[in-house]
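Dear colleague,

After it you will find my notes on what was found.

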Amino acid sequence: STLSSSSAASDVYKRQVTRLSVPAVMSWEIGAVHGGNEVWSPLADGYVEPRVEGVTSLRVSFDSEMDTSMTDPANVSIVGVNNGPQPAACTISWSGSTLMIIDLCTALPDEDTYTVTLGAGVVSAGGCPLAGDVSLCLVALAGDANANCAANAQDLLAVRAQIGETVGPANAKYDVNCNGTINAQDLLAVRACVGHSAPTCP
């Protein structure tokens, strides 16, 4: 029938678009467990991770369907300014066809700045390579709640301003000890880091 022929043609067109679509990164996120609850927060270049648990999990959202059979950790590189190339991630997995999850074996060493880069093996469902920016710069510096690459008294003030607030994606970083509550214990965690610093992102 005309209707079934039209539907079949539409399916073919969709498959062709999927094959030809050039994928790009839409957004990055960083994850941490707070009091037993996993919280994902948005990431941008220059982000500073102040929680004592450090950088252990990242997510990348793409604007196109991706080749989700790609689970080789070698397709994600992480290089520190001070600590150099880091070991490959423990696992790369997918949630749906557009969200990649990167889980590290251990947290990135503190007091350093890292560039995370997606490799050539990260391609669309049709095999097209990524277009645009495929890297992210972030800083691992426990206690640096105000993100100026130095843990100091200003960070105590930043955490104090959040005490009692419900932990969510926008303010999770102020729960420095990741116990699920922003309170005086987080001030103690920051105080233990005062004097530490890290290079800024370029």
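**A buried loop residue and the helix beside it**

Val 176 is found in the loop between helix 2 and helix 3; please keep in mind throughout that this is a predicted model. Val 176 counts as buried because its relative accessible area is 0%, where the cut-off for buried is under 20%. Leaving aside neighbours within four places in sequence, Val 176 is in contact with Pro 50, Arg 51, Val 52, Gly 143 and Val 159, and also with Asp 186, Ala 189 and Val 190. The C-alpha atoms of Val 176 and Val 190 are separated by 7.2 Å, the two residues being 14 residues apart along the chain.

Helix 3 spans residues 184-191, and within it Asp 186, Leu 187, Ala 189 and Val 190 are buried. These residues lie on the same side of helix 3, because they cover an arc of only 160 degrees around the axis. On the other side of the helix, Ala 184 and Leu 188 are exposed, while helix 2 (153-160) is included in what covers the buried residues. At the start of helix 3, a side-chain oxygen of Asn 183 comes to within 3.0 Å of the backbone nitrogen of Gln 185.

Elsewhere, Thr 113 lies in strand 9, which runs over residues 112-118, and Thr 113 counts as buried because its relative accessibility is 2%. The side chain of Thr 113 reaches the backbone oxygen of Pro 199 at 2.2 Å. Not counting residues up to four places away in sequence, Thr 113 touches residues including Val 79, Val 81, Cys 137, Val 139, Pro 199 and Cys 201.

Notes: Residues are numbered from 1 along each chain as its sequence is written. This is a predicted model: local features need pLDDT of at least 70, side-chain atom pairs count only at pLDDT 80 or more; totals for chains, interfaces and linings use all residues. Side-chain values use heavy atoms; hydrogens and water are left out. Buried means under 20% relative accessible area, exposed over 50%, partly exposed in between (1.4 Å probe, protein chains only). Helices (H or I, at least four residues) and strands (E, at least two) are DSSP runs, numbered from the N terminus. The arc is that of the directions from the helix axis to the C-beta atoms. Contact means heavy atoms within 4.5 Å. A polar contact is a pair of N or O atoms within 3.5 Å; within protein, one must be able to donate a hydrogen and the other to accept it, and residues adjacent in sequence count only if both atoms are side-chain atoms.
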